[in-house]
Amino acid sequence: MTTHTTDRMISRGLASLRQPAPAGLLGAVLGRLGLDDAYVRVEGPIGPLFVAFGRQGISLIERARDAGDFEHTFQAMFGRPVRRVDRAPEVIERVIDARLWGGRTHSGPVPVDLHELPDFEQQVLRKVLEIPRGEVRPYAWVAAEVGRPLAVRAVGNAVARNPIPFVIPCHRVVRSDGRIGNYGAGGPTAKRAVLEAEGMDTSEMERLPAAGVRFLGSDTTRIYCYPSCRNARRISSAHRVPLRSADDARRAGFRACRVCRPVDAPFRAA
Amino acid sequence: MEQGIAGELCARMAADLDAAFPDLVVQHQHLVFRVALRVVGDSASAEDVAQEVFVRAYRTLARYPAERVRVLRLRPWLGRMTLNLARNAIRGWRATTDIGALAHHPQAPDDNPLQLVTRDDERRMWARLLAGLPQRYRLAVALRHVDGLSYAELAETLGRPLGSVKSDVHRGTALLRAAYDAEQRALARQEAV
């Protein structure tokens, strides 16, 4: 056998001894450094949820079914393991209580970890985070608020991919034409149930737009709002003026509410 | 390309260590584990050493100023740290090279049993030949040919001049070749009998 052939045999033979690092190494290291992600099972408005969190905040929420599936999804999304724990840190518990159950308001920014998402999706989801409990906003409102008024469909896609439902209230984003719209965490029925659990009257919510009413104005303040805006709900029936569009409202001498900042949808549903 | 990826990782670690650190582990765990395994000889101890390396690496990186993190050459830096910690780990007890452990691999499910036996036998042979090398050459040959470190990385990991590392690898490989040839001749003789 020639030296050359032998050398090839040797390098092939030695390379066959190459061993990969054990699968658990990453998890063990992150665990020792306190950098690992963990998850808890908590009660949610329409059934139990798995809530995963790391140092940067809550990173993934799904309706609790199979723990193995959830861990697998997490690993696929973030490239690192997640481990089940009995209790979340206090700050996470407070946020869950405030966002899911309207408990004590959590002060300061909500710790959600969105840094793996594209910028546009982050902007959309942070905007959705601002929609108050008990109120809804159309997709077109989110689009206008993030400075992309025509990107209604892109907003819809970003909201549909929300990795942190319930805490980031994508269920409070509805269609401009009054239909409830789709929902990633269980379809329209689940969306309706979550809104009802927050005290929304969803049939009332759908009734106004079905009759062509998008906004409500007050004939004393001459201000118009989205119907679920807390300011709209304070208008007594004697002073409530139904309005078909922001254009109509302006023509009739109303100005937009500074709290809910109502906008027309860019392509108004026929 | 290696440089580009490593440079990008360093920049991310300088900006946000906690967010980028898992990638450091993912990209370098095989290197660290293999260098450790070369020195300590068994998988369980090698894993302990590898954990310790990354934990210390994290603490060191957290202490370093950002401009220093940005220019780190990660592979040699981790390689050297691994070698030192692995040598500390075996201080006091003799490193025994477990040939069986070195040759053992989880198998792909579609391997047929006959191939399995052959491959395992071959690995056993190579592990035995490697273990038979003098200590001075064994680590250099293994890191170069088993673990795939470049000569430059090898020199930095071992903290020795490039020329001396190259010559160790060449001499070690020559000894290995001689041992392999001797083994083949012995086998041929057995078959002839």
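Predicted model: local features only at pLDDT ≥ 70, side-chain atom pairs only at ≥ 80, totals over all residues.
## A buried aspartate in chain B

Let us start with B:Asp147, which sits in the loop between helix 8 (135-146) and helix 9 (151-158) of chain B. Its relative accessible area is 6%, and because buried means under 20%, B:Asp147 counts as buried.

The side chain of B:Asp147 makes a polar contact with the side chain of B:Arg38, at 3.0 Å. Leaving aside residues up to four places away in sequence, B:Asp147 touches B:Arg34, B:Arg38 and B:Ala142, along with A:Arg18 from chain A.

## An open sheet in chain A

Over in chain A, 4 strands form an open sheet with mixed pairing, in the order 9-7-8-10. Strand 9 (240-243) and strand 10 (255-256) of chain A are at the edges with a single partner strand each, so one side of each has no neighbour in the sheet.

Strand 7 (residues 215-218) and strand 8 (residues 223-225) of chain A pair in the antiparallel sense over 2 bridges. If you look along strand 8 of chain A, you will find A:Cys225 opposite A:Leu216.

## Two helices that cross in chain B

Back in chain B, helix 9 packs with helix 10 (residues 162-192) at an angle of about 105 degrees, and their axes are 9 Å apart. Helix 9 and helix 10 of chain B are therefore roughly perpendicular to each other.

Helix 9 of chain B brings B:Tyr151, B:Ala152, B:Leu154, B:Ala155 and B:Leu158 to the contact, while helix 10 of chain B brings B:Leu162, B:Val165, B:Lys166, B:Val169 and B:His170. The residues of this contact comprise 8 nonpolar, 1 polar and 1 charged.

Key
Residues numbered from 1 in each chain as written. Chains lettered and ligands numbered in written order. Heavy atoms only, no water. Buried < 20%, exposed > 50% of the residue type's maximum accessible area, 1.4 Å probe, protein only. Polar contact = N/O pair within 3.5 Å; in protein donor to acceptor, adjacent residues only side chain to side chain. Contact = heavy atoms within 4.5 Å. Pairing = 2+ DSSP bridges. Axes fitted to C-alpha atoms, helices over the stretch in contact; angles between N-to-C directions. Parallel < 35°, antiparallel > 145°, perpendicular 65-115°, else oblique. Nonpolar A, V, L, I, M, F, W, Y, C, P; charged D, E, K, R; others polar.
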